[in-house]
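Thanks for coming, everyone. I'll walk through one structure today, from a strand to the rings to the pockets. Please have a look at it first.

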Amino acid sequence: MFVLEEEITYPFVAFVGQDLLKLALLAIATNPSIGGLLIRGEKGTGKSVIVRGLADVLPPIEVVADCIFNCDPHNPLMMCPRCRERYYRGEKLPTKKVKMRVVTLPIGATEDMVLGTIDIEKVLREGERAFRPGILARANRNILYIDEINLLPDHLVDIILDAAAMGWNYVERENISFSHPARFILIGTMNPEEGDIRPQLLDRLALCVDVKSINDPTLRAEIIERNIKFQEDPLSFREHYKKETKNLRRRIILAREILHEVTIDAPILFLIAELCSLLSVDGHRPDIVIAQTARALAALEGRRYVDPSDIRLASFMALIHRTRKGGLLEPPSLEEIDEAFRKALKETKARFKIKAKAEQRTAADYMRSILTKPIVVEKKSKTTLQEEQHFFR
């Protein structure tokens, strides 16, 4: 059986610290086309809990009310065969709004549990296709969460990678086949001490964040206090953060609405390319991931333009796990990424003759802005290449 997170979860907005991880989660929630997220860290750092808490701030999605695959009622390309046939027939599909969910792949899941199964006996007996949905069916247009993803059996890795790449799940038994959409946000967590992750799967996880225990005693005390309050009265604790949760959900909704308007002008594109070139990162996927993540960060702040600070934070998430020079070099550290960013920024300024100083904001700065500032969309300013000073505030 698939597992849906129905228990009372710890509020996302109540988490102390781990700001880069929060930003990564909000970025893929805003722009699912970024791809998946890998969270690496030791036990007890709240990796699983914060992923489950993400469901609190996810906006609802509109689905076909009588379809088990969460089909998009307005996009035939994201419909199962039955819904698509009804759509093209001119039938008015019943709709409803549902909460996005975090669907967990249970430990010990089998291939049939993931793919779903076709009831051959029923087909032979009644002459109809009887498909029993699996985890991928439930994960469509939701989040697929895999704890200890590095311990996932190879054959299940291949199944999930195929579905993630194609956006569809195909099941075939005894020359009888069935397919359904399977577009999901993949999030995996792992403890590096328990083994490595397959390079093929690592490449499919667009972003990666390493989490560590917080050493600041004041923040650790705050974590203790909040967790005790949650355990004693989870409903009251969640009510205390209800307003912040609602505001963050509204901000994600707004960010999704303006995402397609967020532009990346020539100096910023060059900055991304120069950064990845300096680090000798393999392939072009990392460059694209940085750009898409930066657009999501800008949209979350209500901006329609990307600036260097967006690129810096996005590169921390997109490059920390990337192979370099055909695998001859280890992935870059955060310090190496930051140093390369500074060099790339200097080269960008020289090439485009930009003299303004770029502000380098931290993940904590972004989270404060997202959680506390009024939800307002900045007006889009039209500038020429020589006047692009707004990128370097």
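A definition before anything else: buried means under 20% relative accessible area, exposed means over 50%, and partly exposed is in between, with a 1.4 Å probe and protein chains only. Helices (H or I, at least four residues) and strands (E, at least two) are DSSP runs, numbered from the N terminus. Now the ground rules. This is a predicted model, where local features need pLDDT of at least 70, side-chain atom pairs count only at pLDDT 80 or more, and totals for chains, interfaces and linings use all residues. Residues are numbered from 1 along each chain as its sequence is written, and side-chain values use heavy atoms, with hydrogens and water left out.

Let's start with strand E11. Why is strand E11, residues 185–190, called largely enclosed by the rest of the structure? Because 6 of its 6 residues are buried. Look at the two faces. Ile 185, Ile 187 and Thr 189 point one way from E11. Leu 186, Gly 188 and Met 190 point the other way, and all are buried.

Which strands pair with E11? Two strands count as paired if DSSP finds at least two bridges between them. Strand E2, residues 37–41, pairs with E11 in the parallel sense, over 4 bridges. Leu 37 is opposite Ile 187 of E11. Strand E8, residues 143–147, also runs parallel to E11, with 5 bridges. There, Ile 146 is opposite Gly 188.

Next, the rings. Rings of Phe, Tyr and Trp (its six-membered ring) pair if their centres lie within 6.5 Å; planes under 30 degrees apart are stacked, over 60 edge-to-face, and the rest tilted. How many aromatic pairs does that rule give? The count is 8. Take Tyr 10 and Phe 230. Their ring centres are 5.2 Å apart and their planes are at 70°, so this pair is edge-to-face. Tyr 10 is in the loop between strand E1 (3–4) and helix H1 (19–30), and Phe 230 is in helix H9 (residues 217–232), so the pair ties together parts 220 residues apart in sequence. Are these two buried or exposed? Both Tyr 10 and Phe 230 are buried.

Now Phe 237 and Tyr 241. The centres are 5.1 Å apart with planes at 55°, so that pair is tilted. Phe 237 is buried, at 6% relative accessible area. Tyr 241 is buried too, at 7%. Step back and you get a cluster: ring pairs link Tyr 10, Phe 15, Phe 230, Phe 237 and Tyr 241.

Some rings also have a charge over them. The rule: NZ of Lys or CZ of Arg within 6 Å of the ring centre and within 35 degrees of the ring normal. Arg 303 lies over the face of Tyr 305, 5.5 Å from the ring centre. Arg 361 lies over the face of Tyr 366, at 4.0 Å.

On to pockets. On a 1 Å grid over the protein atoms alone, a pocket is an open set of points where a 1.4 Å probe fits, with protein on both sides within 12 Å along at least five of seven lines; lining residues have an atom within 4 Å of a point. Grid points are joined across faces, edges and corners, and a volume is the space filled by probe spheres set on the points.

The largest pocket holds about 1,100 Å³. It has 37 lining residues, and closest to the centre are Pro 32, Ser 33, Arg 183, Phe 184 and Ile 185. Elements giving two or more residues include E11, helix H7 (154–166) and helix H13 (285–300). H13 gives the most, 4 residues. For classes, Ala, Val, Leu, Ile, Met, Phe, Trp, Tyr, Cys and Pro are nonpolar; Asp, Glu, Lys and Arg are charged; the others, Gly among them, are polar. This lining has 19 nonpolar, 8 polar and 10 charged residues.

The second largest pocket holds about 640 Å³. Its lining has 24 residues, and Leu 20, Val 209, Asp 210, Phe 316 and Leu 334 lie nearest the centre. Strand E12 (207–211) is one of the elements giving two or more residues. E12 has the largest share, 4 residues. By class, this second lining has 13 nonpolar, 4 polar and 7 charged residues.

Gln 18 is not a glycine, yet has a positive phi of about 55°. Gln 18 sits in the loop between E1 and H1 and is buried at 18% relative accessible area. Arg 141, also not a glycine, has a positive phi of about 65°. Arg 141 is in the loop between helix H6 (135–139) and E8, and is buried at 15%.
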